[in-house]
Amino acid sequence: MKIVSLQSVGLGAIFSGGNGATGFNEPYLITVGENLYDGRGYSLYVTVTEINYQQGDFDAYGFEIYTVHTSDGHIRVLPADKYIAEWSE
């Protein structure tokens, strides 16, 4: 199974005035195959190519992250406790 999208949980809301924003406190959505947008709804002109979940151990503290790979070759790291993932086969 793979992750097809992430939705924020109280983090990264799009506010009115941004491109495509309709109101306050909209969830921030990241979807594979679509453009990545900033917090105001403006396109960053890169496409999300892959989203991965990672779990590890660091100095006795566990961490869980999502890595968002984009068409510009960058990887954005997001905290897993702030996003809900949609999985698909």
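These questions and answers walk through a predicted model of one protein chain.

User: How many strands does the protein chain have, and how many helices?
Analyst: Happy to start there. From the N terminus on, the elements run β-β-β-β-β-β-β. That pattern goes with a count of zero helices and seven strands.

User: Which element has the lowest mean pLDDT?
Analyst: As background, the mean pLDDT of the protein chain is 83, and 75% of its residues reach 70 or more. Among the elements, strand S1 (residues 2–8) has the highest mean, 95. The lowest mean, 87, belongs to S5.

User: In what order do the three strands of the open sheet stand, and which of them are at the edges?
Analyst: The sheet is antiparallel and has the order S2-S1-S7. S2 and strand S7 (83–88) each have a single partner strand, so one side of each is left without a neighbour in the sheet. From one strand to the next, the twist averages 20 degrees. The edge strands are therefore S2 and S7.

User: What is the bridge partner of Lys-2 in S7?
Analyst: S1 and S7 run antiparallel and are joined by six bridges. Within S7, the partner of Lys-2 is Ser-88.

User: Is Thr-67 buried or exposed?
Analyst: Thr-67 sits in strand S5 (residues 61–70). Leaving aside neighbours within four places in sequence, Thr-67 is in contact with Glu-50, Ile-51, Asn-52, Gln-54, Ile-75, Arg-76 and Val-77. Its relative accessibility is 5%, and buried means under 20%. Thr-67 therefore counts as buried.

User: With which side chain does the side chain of Thr-67 make a polar contact?
Analyst: Good one to check in the viewer. The contact is a side-chain to side-chain one, at 3.5 Å. The partner is His-69.

User: What is the relative accessible area of Thr-31?
Analyst: Thr-31 belongs to strand S2 (residues 29–31). Partly exposed covers the range between the buried cut-off of 20% and the exposed cut-off of 50%. Thr-31 is partly exposed because its relative accessible area is 25%.

User: How far apart in space are Thr-31 and Val-48, C-alpha to C-alpha?
Analyst: Not counting residues up to four places away in sequence, Thr-31 touches Val-4, Ser-5 and Val-48. Thr-31 and Val-48 are 17 residues apart in sequence. In space, their C-alpha atoms are 6.6 Å apart.

Technical notes: Residues are numbered from 1 along each chain as its sequence is written. This is a predicted model: local features need pLDDT of at least 70, side-chain atom pairs count only at pLDDT 80 or more; totals for chains, interfaces and linings use all residues. Side-chain values use heavy atoms; hydrogens and water are left out. Helices (H or I, at least four residues) and strands (E, at least two) are DSSP runs, numbered from the N terminus. Buried means under 20% relative accessible area, exposed over 50%, partly exposed in between (1.4 Å probe, protein chains only). A polar contact is a pair of N or O atoms within 3.5 Å; within protein, one must be able to donate a hydrogen and the other to accept it, and residues adjacent in sequence count only if both atoms are side-chain atoms. Contact means heavy atoms within 4.5 Å. pLDDT is the predictor's confidence in each residue, from 0 to 100. Two strands pair if DSSP finds at least two bridges between them. Axes are lines fitted to C-alpha atoms, for helices over the stretch in contact, and angles run from 0 to 180 degrees between N-to-C directions.
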